[in-house]
Amino acid sequence: MRKLLYLIAGLAFITACKQPDKKKLPIYGNRQPVTKTVDGKTEVDTIYATIPPFKFVNQYGKTITEKDVAGKIYLADFFFTTCPSICPIMQRNMLAVYNEFKADTGVKILSHTIDPKHDTIPVLKTYADKLGISGDSWWLLLGQKEEVYQLAEKHYLVAVNDKGAGGYVHQGWFVLIDKEKRIRGAYDGTDKKAVDQLIADMHILQQEYK
Amino acid sequence: MRTPLLLIFAIGIIAAVVSSCQSESEMLYNRYYTSGSLLYRTHCENCHGVNGEGLSALIPSLHDSVYLKKNLSKLPCFIKNGVGDPIVVDGKIYNSKMPAQSNLSAIEVAEILTYVTNSFGNKMGLIDAPKVNADWNNCN
């Protein structure tokens, strides 16, 4: 009898610990309070910064816009194919993310080149082939330089410029965007641990929509 | 009774000292290898990886002992001047450019090469600074 009691107590503890962890990711970016009148009452709503519409071409020569990531969560980063410094380590880490989510049509990876002069579509395609990526889960995007730089700095909040000693300077952030196009996280793409955290956070973000 | 114990103790100490002593060449090798591992982290690891694994078909691994051995005297030139021509490593063609590390000294290149050619499953012994200097004179 006593043993049984212990057993029940033990089970109670175990099941108590199995409560689903309802963790939510923070929302980043500027926010504005908006006052509006609903049914004669004044309410304050928060408007979060979102990623504006864009138009690029991917490694297959197909046009990619914000509509192609509608209803999906995605990662954005910035690179160039001839980058000798932080890119290889970023790509190695991004490959881990790609392998985790490549079967999931609700997740995309958008890597924008910051060297559109050199990184033409055939260059991007060859690079993708050599990296070992295929299908439509990881796109390498080519666009107008000004548009890419604007998007990086003003919206994804990643610093890029073409005035570095090696030609280009850019930060290795992987930026996580939710279905409402809000920034939900930024992770150092050169740090394996940060990228492991990113993969875990992407699963958490997906849970929000279930 | 006391003397034999002391004697055993003394012999033990001497044995420990002798066995912990490294030969001069071993010490030199260890010094090169350790410095090389630090330099590798700064100058090579981003591209070639923490375990010398490279990156898919973009950046070759450093695991191909046959390639390394065959091109041993070219490796100092590769580091100093970079690589532009396609090379075949692990049976795969690599034609991306490797950037030149022209600001490294002969001893630094020798330390890196000693590390690389004795890690990741490679075992080729010491590559010293005079050897690197000699190889540099024969770069294309």
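Colleague: How much area is buried between chain A and chain B, and what share do carbon and sulfur atoms give?

Modeller: This is a predicted model, so the values are computed from it. The area buried between chain A and chain B is about 980 Å², and carbon and sulfur atoms give 58% of that. On the side of chain A, P88(A), R92(A) and K130(A) supply 59% of the area that this chain buries against chain B, more than any other three residues.

Colleague: Which residues take part in the contact, by number from each chain?

Modeller: Chain A brings eleven residues and chain B brings 15 residues.

Colleague: What makes the pair E53(B) and R92(A) a salt bridge?

Modeller: The test asks for a side-chain nitrogen of Lys or Arg within 4 Å of a carboxyl oxygen of Asp or Glu. Here the N to O distance between the side chains of E53(B) and R92(A) is 3.7 Å, so the pair meets the cut-off of 4 Å. The count between the two chains is one salt bridge. Polar contacts across this interface come to seven residue pairs, with both residues at pLDDT 80 or more.

Colleague: Which elements of chain A give two or more residues to the side that touches chain B?

Modeller: They are α2 (87–101) and α3 (121–131) of chain A. Helix α2(A) gives the most, with five residues. By type, the residues on that side of chain A divide into seven nonpolar, two polar and two charged.

Colleague: Let's turn to chain B. Why is chain B called more spread out than a compact globule?

Modeller: Its radius of gyration is 20 Å, whereas the globule rule gives 14 Å for 140 residues; the value is well over the rule, so chain B is more spread out than a compact globule. Along its principal axes, the C-alpha trace of chain B spans about 75 × 30 × 25 Å. The secondary structure comes to seven helices and two strands, in the order α-α-α-α-α-β-β-α-α. Buried residues make up 39% of the 140 residues in chain B.

Colleague: How do you know whether T114(B) is buried or exposed?

Modeller: Buried means under 20% relative accessible area. T114(B) has a relative accessible area of 0%, so T114(B) is buried. This residue lies in helix α6 (residues 106–116) of chain B.

Colleague: And what does the side chain of T114(B) reach at 2.9 Å?

Modeller: That side chain reaches the backbone oxygen of I127(B). Leaving aside residues up to four places away in sequence, T114(B) touches Y29(B), Y32(B), Y33(B), G125(B), L126(B) and I127(B).

Terms used. Residues are numbered from 1 along each chain as its sequence is written. Chains are lettered from A and ligands numbered from 1 in the order in which they are written. This is a predicted model: local features need pLDDT of at least 70, side-chain atom pairs count only at pLDDT 80 or more; totals for chains, interfaces and linings use all residues. Side-chain values use heavy atoms; hydrogens and water are left out. Contact means heavy atoms within 4.5 Å. Buried area is the accessible area (1.4 Å probe) that two parts lose on being put together, summed over both. A polar contact is a pair of N or O atoms within 3.5 Å; within protein, one must be able to donate a hydrogen and the other to accept it, and residues adjacent in sequence count only if both atoms are side-chain atoms. Helices (H or I, at least four residues) and strands (E, at least two) are DSSP runs, numbered from the N terminus. Ala, Val, Leu, Ile, Met, Phe, Trp, Tyr, Cys and Pro count as nonpolar, Asp, Glu, Lys and Arg as charged, and the others, Gly among them, as polar. The radius of gyration is taken over C-alpha atoms; the globule rule is 2.2 Å times the number of residues to the power 0.38. Buried means under 20% relative accessible area, exposed over 50%, partly exposed in between (1.4 Å probe, protein chains only).
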